[in-house]
Amino acid sequence: MGGEWPDLHALELLVAVVDAGSVGAGARSLGMAQSNASRLVSRLETTAGAPLLQRGPRGSVPTDKGVELAAAARTLLEQSRQFLAMLGEGRASGPVEVRVGASQTVAEVLMPAWLAELRRRLPEVRVQLQVLNSSQVITKVHQGELQLGFVETPQLQVGISAAVVQEDELAVAVGPGHPWANLRGRLSLRELAATPLVVRERGSGTREALEQLLAGREAAEPALVLQGNAAVRIAVASGAGPAVLSELALREQLAAGSLLRVPLEVEVPKRPLTAVWLGPQRLAGAMAELVAIAAS
């Protein structure tokens, strides 16, 4: 076999330096002396045959080669973590922990049932769940902070593995006192775009899906920009304006009549709810089980 195996410690350091912005800060995050870190980076640059960092008084900026190598290193490091976890599953006497992130709609409506079923099937597994917007989930998966994520956006980063587990659709919702509550016929996209809406923050899959729905139309400034589906629902019910949210996130309120659905003149395309992770396309262990539960 030609060539040498990569030094995982050096790759871990490279990723830490890229994330922290300097060799010193990257070394501290790993509990490594800066002198040792500098030697390790120099050795890695020699192996790569090209500079990986541009060093300056304000820190270290990765070169194009450094960016490329750090991205590949993230994938390799996560695969190594998964491999170590698989090795340890058979001898582990304590619970197996999995770091999972979920967008707000998935976490609010679907994740509780998924986790309950996972606990029934694999009682030794403990899930550490972070509730974020889709963009944040993808970023943390890409950086290796999360092992598995569930998002509502099709805008995925290169190098991330993905599997669609369910589908969802957007719905226009208003409070009972809004003029659209008594609308005859269907609402046009032109009128929807021209109306100040209560919207989610940028980076959320719901906001991205709304922008795709209204693409090519000049949209009015939002009435309110809020974080989280619950805040949007409360604002709409209080008369702040209409909103476009996931049908899943509106299901209870629509059934109770506290919010009303306004039909659109066009059929709204369904959007994927997607599991994302680093590493090989085929998952194993608890992560594979959770994705299978989500898809079922």
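Author: Ser22 is found in the loop that joins helix H1 (8–20) to helix H2 (23–29); helices (H or I, at least four residues) and strands (E, at least two) are DSSP runs, numbered from the N terminus. The model is predicted, so local features need pLDDT of at least 70 and side-chain atom pairs pLDDT 80 or more, while totals for chains, interfaces and linings use all residues. Residues are numbered from 1 along each chain as its sequence is written, and side-chain values use heavy atoms, leaving out hydrogens and water.

A polar atom of the Ser22 side chain lies 3.0 Å from the backbone nitrogen of Ala25. Not counting residues up to four places away in sequence, Ser22 touches Val17, Gly59 and Ser60, where contact means heavy atoms within 4.5 Å.

The sheet comes next. Five strands form an open sheet with mixed pairing, in the order E4-E3-E5-E12-E6; two strands pair if DSSP finds at least two bridges between them. Strand E4 (125–132) and strand E6 (161–168) stand at the edges with a single partner strand each, so one side of each has no neighbour in the sheet. From one strand to the next, the twist averages 20 degrees.

Within the sheet, strand E5 (residues 148–151) and strand E12 (residues 271–277) pair in the antiparallel sense over three bridges. Here Phe150 stands opposite Ala275 in E12.

Pro280 lies in the loop between E12 and H11. Leaving aside neighbours within four places in sequence, Pro280 is in contact with Gln79, Gln82 and Ser161.

Conventions
A polar contact is a pair of N or O atoms within 3.5 Å; within protein, one must be able to donate a hydrogen and the other to accept it, and residues adjacent in sequence count only if both atoms are side-chain atoms. Axes are lines fitted to C-alpha atoms, for helices over the stretch in contact, and angles run from 0 to 180 degrees between N-to-C directions.
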